[in-house]
Each structure stands twice: as structure tokens, then as C-alpha cells.
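Here is a quick tour to read with the structure in view. Take it one topic at a time and find each piece on screen as you go.

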Number of protein chains: 2
Amino acid sequence: MKSQQLSIKSRIWICTEQGTFLGEGRITLLKEIEKHGSISKAAKAMKMSYKKAWKLVDSMNRQGDQTLVRRKTGGIGGGGSELSETGKKAIELFQEISSKNSTFLNSQIEKMEF
Amino acid sequence: MKSQQLSIKSRIWICTEQGTFLGEGRITLLKEIEKHGSISKAAKAMKMSYKKAWKLVDSMNRQGDQTLVRRKTGGIGGGGSELSETGKKAIELFQEISSKNSTFLNSQIEKMEF
């Protein structure tokens, strides 16, 4: 265990009493929905079934005080989905906490001695 | 997202250039080996095949500067395996870093506001 060669990886999950609320996969899904403006296109980009993507969105929407993903209204060719401010905030917050966590863990691993 | 209800879970993996060196499953395996004095009994306690347990031990031993698990020598009924000081240190270190990480993440989640 040559400490100079050690690195550390981590995953985090933000949970409510109902279970997982935000995790890496869910955040990627939110980002893809933001990018494509559609749950089905986001699912396709992630090689995930529409059913699974829809379930994840539904789970996040039910757990949030506000919905994270909402239906786009009207316009030519209307339909589609978009992120609410809460949805955008969720991405931001998750990334912030992940990044702080990496910094913290790297500082810990540097101190490790065997 | 009522912030008072949010909690955070995490998993960490300590890696070398060869891949995962220590993770939750590997640490549990080390603890079980320490408890049972045998890789096969540890595997059984974890409902893991002996082959898989052996591979994990071998992976840890190859990545450490020193072996983490070594064969017990002699004595009546000899054989069996035990942890080296490095193996014990690995458990201690992993638990310390996991615990510090939880404390850190909990302090972050408390500050979260939506």
C-alpha cells in the first residue's frame, strides 16, 4: 500500500424517508432531460427504458416539495418535458456536494499512512 | 425537498492503479477472516463462494506493500488464515475515513437549502 499511489472514489445518494431521492443516475437523467427537452429522448440517450426513466422522474417529483420535471406547455409541436427551478437546483446541489466530497476524501487519502 | 427530512448515504472505494484495493465488501471480508480465522469460513458467513473470497484476498494482497491476509502457521489443527498488521490497519483506516466522510456529508446536508 504505497500511499502515493492510492486514490479514492465515492458515490453519494441523497435520501428522504421514502428512499433514494437523488443519486448519480438520477442526476444524469435530469441533465439529459434538460438537454433534450423530453423524458423519452433522455431515456434513449441513457439506453434506459422509458418506463424506468418515467419511474425515476416520478419518484423524484413525489419526493420533492416541488416537482423537478414538468411538462412543457404549448408552443408549436408542444409537449415534451423540462426542468423546474427545483430540478435545476437539484443538479447544482448534488454536483456541489459531490465535488466537496471528492476534495474532502482526497485530503484524507493524502494523510493516509501505512 | 423538505431539507429537514434529507439524509445522505455514501460508499467509498480506495483504489490503486490496478483498480479497487479496499471497499465495503472487501473490508467485511477482512473482518470475517479475522473473526473466523479462515477464508472459507469467512466466505460462508458472507454467502460468497470460496473462489470469489480468495480472489478478493489475492487482489488485496497483490496491491498492498505487505500482504493483508496470511496463512496461519502450525499449531494443533494448523492451517487457516489470519490478518497481518497491515490487514488490521486497512480495516481501521477504511472505517476511520468512512466515518469522517459521513460526518462531513451530514454537515453538508444540514446546510442544504432548497
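Let's start with helix α1 of chain A, which runs over residues 24–36 and has 13 residues. Its first and last C-alpha atoms are 18 Å apart, close to the 18 Å expected at 1.5 Å a residue, where the expected span is 1.5 Å times one less than the number of residues. Helices here are DSSP runs (H or I, at least four residues) and strands are too (E, at least two), numbered from the N terminus.

This is a predicted model, in which local features need pLDDT of at least 70 and side-chain atom pairs count only at pLDDT 80 or more, while totals for chains, interfaces and linings use all residues. Residues are numbered from 1 along each chain as its sequence is written, and chains are lettered from A and ligands numbered from 1 in the order in which they are written.

**Around helix α1(A)**

- Arg26(A), Leu29(A), Leu30(A), Glu32(A) and Ile33(A) are buried in α1(A) (20 or more other C-beta atoms within 10 Å of a residue's own; exposed means 12 or fewer, partly exposed is in between, and C-beta atoms are placed from the backbone).
- Looking down the axis of α1(A), those buried residues fall within an arc of 165°, so they line one face of the helix; the arc is that of the directions from the helix axis to the C-beta atoms.
- On the face turned away from the buried side, you'll find the exposed residues Glu24(A) and Lys35(A).
- Just past α1(A), Gly37(A) has a positive phi of about 65°.

- Among the buried residues of α4(B) are Gly87(B), Phe94(B) and Leu105(B).

**A sheet built from both chains**

- Four strands form an open sheet in the order β2(A)-β1(A)-β1(B)-β2(B), with antiparallel pairing (strands pair if DSSP finds at least two bridges between them).
- β2 of chain A and β2 (19–22) of chain B are the edge strands, each pairing on one side only.
- Within chain B, β1 (residues 7–16) pairs with β2(B) over three bridges, in the antiparallel sense.
- Thr16(B) sits opposite Gly19(B) in β2(B).

**How the two chains relate**
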